Amino acid sequence: MPSRQKTASKKSSKRGKKKKNISSEKSGVSADETVRTPINKPETEKIVGSKEEVESELLTKLKKSLALSPIQNLEMMEKLRTAPLEQLFEESKQLQREVKVDLVIEGQYKEALELLMDADTAGLYPALVGPPGVGKTALCRYFTEIRAKLTGNDSFEWLTFDEATRPSHLIGSFNPALTINQGFIPQAFNFGPLTRAMLRGGVFLANEINRATEFTQNTLLEPLEERTINVPHLGRIQASQGFFFIAAMNPSEIAGTHRIGDALKDRLKVWIELTYPRKITELRIIKKNNPHFVLGDSYLDKIHALISATRTDSRVELPASLRTGIAIARLMGLFCQKKNGDDLTAKLAKISYHVLIGSIKTKPGTQPKNVIMRIIKEQLGFTIK
Ligand SMILES: Nc1ncnc2c1ncn2[C@@H]1O[C@H](COP(=O)(O)OP(=O)(O)O)[C@@H](O)[C@H]1O
Ligand SMILES: [Mg+2]
């Protein structure tokens, strides 16, 4: 801990002395939210005592949190432990059908949706390009839902590619036991996501397509050119009407990706770029994704300042995504709901640290920890130990 901070810590803890908190002022947090203690002041509520006492204290805290949480249900948890797995499987399928995607559709997202619709109508295959967590997958799901409102067909299949993805992961494979007994017949074949989408006239999203090897990428050439695919031992499948293919990828400069092959690139005709949305849209997205953990605008502004700083910092290779802002806001929202009188800005700094440390990637030779601590210091005016 820097010595300046130590002194501040000592002074602020002096009984009865009302000290103005310079760091909070600098951080722009409104007066009622102003924090009176720096982050590295030891926690006031120390956990002391026997193991049983500690456990009981933690349980009380957990109970209090769970009582406040609209997304956790204690009774349900107990039921889940003993319910038959077949029943849970059926319920989970039903749940998937019921969960609707609720997106903020404005700016780049509205434009991208319109382009996806035009590409679909024109029989052209699009590619969504953008860094992780800007909403590529969410947009494709939403597109499928809108399409299903007109066509009644909500078939949506997707696969996230990596170096280990093989053509059979796309096409499917024969069940060895059934094949030995019955031979190479369709009933013995487990269709893959691509062949399922082709037969059902659904949407297939090839997520992170540029992480696949060229060998696997080439499996897509025939479906995209001819709308057919050859299944060894079964024969050729012709795609049904409505089959639509969307590729999604991170910009190729982000490490860990192969290049997309020229032949495949030539078959993707509409290129849609998504980037980090503008502030007003991103804040709406954060709110939409945290309906149960509401947070004041001054904190949302702070969170946005933190994640934006990672996006302009030259030491950062992969900055904070939308998911990062959503996660920080959710934890902070929960914390505020508990109203236990703790130092809120200090808590925001700590929460941000714990989320950011796993969310960003720094350039070689730079420690994420140092970069994050610097950003938190600059944006919130607090030093983390
Ligand atoms: N327009 C949007 N409106 C609401 N939430 C969004 C929007 N775009 C992205 N999100 C949310 O942001 C997170 C990341 O989106 P995702 O589609 O998984 O990103 P990507 O596929 O680009 O990695 C998800 O939690 C998603 O629900
Ligand atoms: Mg995705």
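Reply: Lys 64, Ser 65 and Leu 68 in helix α3 meet Leu 334, Gln 337 and Lys 338 in helix α16 (contact: C-beta atoms, placed from the backbone, within 7 Å). This is a predicted model: local features need pLDDT of at least 70, side-chain atom pairs count only at pLDDT 80 or more, and totals for chains, interfaces and linings use all residues. Residues are numbered from 1 along each chain as its sequence is written, with chains lettered from A and ligands numbered from 1 in the order in which they are written.

The contact of α3 with α16 divides into 2 nonpolar, 2 polar and 2 charged residues (nonpolar: Ala, Val, Leu, Ile, Met, Phe, Trp, Tyr, Cys, Pro; charged: Asp, Glu, Lys, Arg; polar: the others, Gly among them). Helix α3 spans residues 51–68 and α16 spans 322–338 (helices are DSSP runs of H or I, at least four residues; strands are E, at least two; both are numbered from the N terminus). They pack at about 105 degrees, with axes 10 Å apart (axes are fitted to C-alpha atoms, for helices over the stretch in contact; angles run from 0 to 180 degrees between N-to-C directions). The two are therefore roughly perpendicular (65 to 115 degrees).

The ligand is surrounded by 17 residues (C-beta, placed from the backbone, within 6 Å). Leu 103, Gly 135, Lys 136, Thr 137 and Ala 138 are the closest. Helices α7, α14 (279–288) and α16 each give two or more residues to this shell. Its make-up is 9 nonpolar, 5 polar and 3 charged. Domain 1 (21–42 + 277–385) and domain 2 (108–273) each supply at least three (bounds from an automatic or database assignment).

Now follow α7, residues 136–151. It lies across β1, β2, β5 and β8, at about 175 degrees to β5. These strands belong to an open, parallel sheet of 5, ordered β2-β5-β8-β1-β9 (pairing takes at least two DSSP bridges). The edge strands are β2 (156–160) and β9 (270–273). Strands β1 and β9 pair over 4 bridges. There, Ala 127 stands opposite Trp 271.

Terms used
Angles under 35 degrees count as roughly parallel, over 145 as roughly antiparallel, 65 to 115 as roughly perpendicular and the rest as oblique. Two residues are in contact if their C-beta atoms, placed from the backbone, lie within 7 Å.
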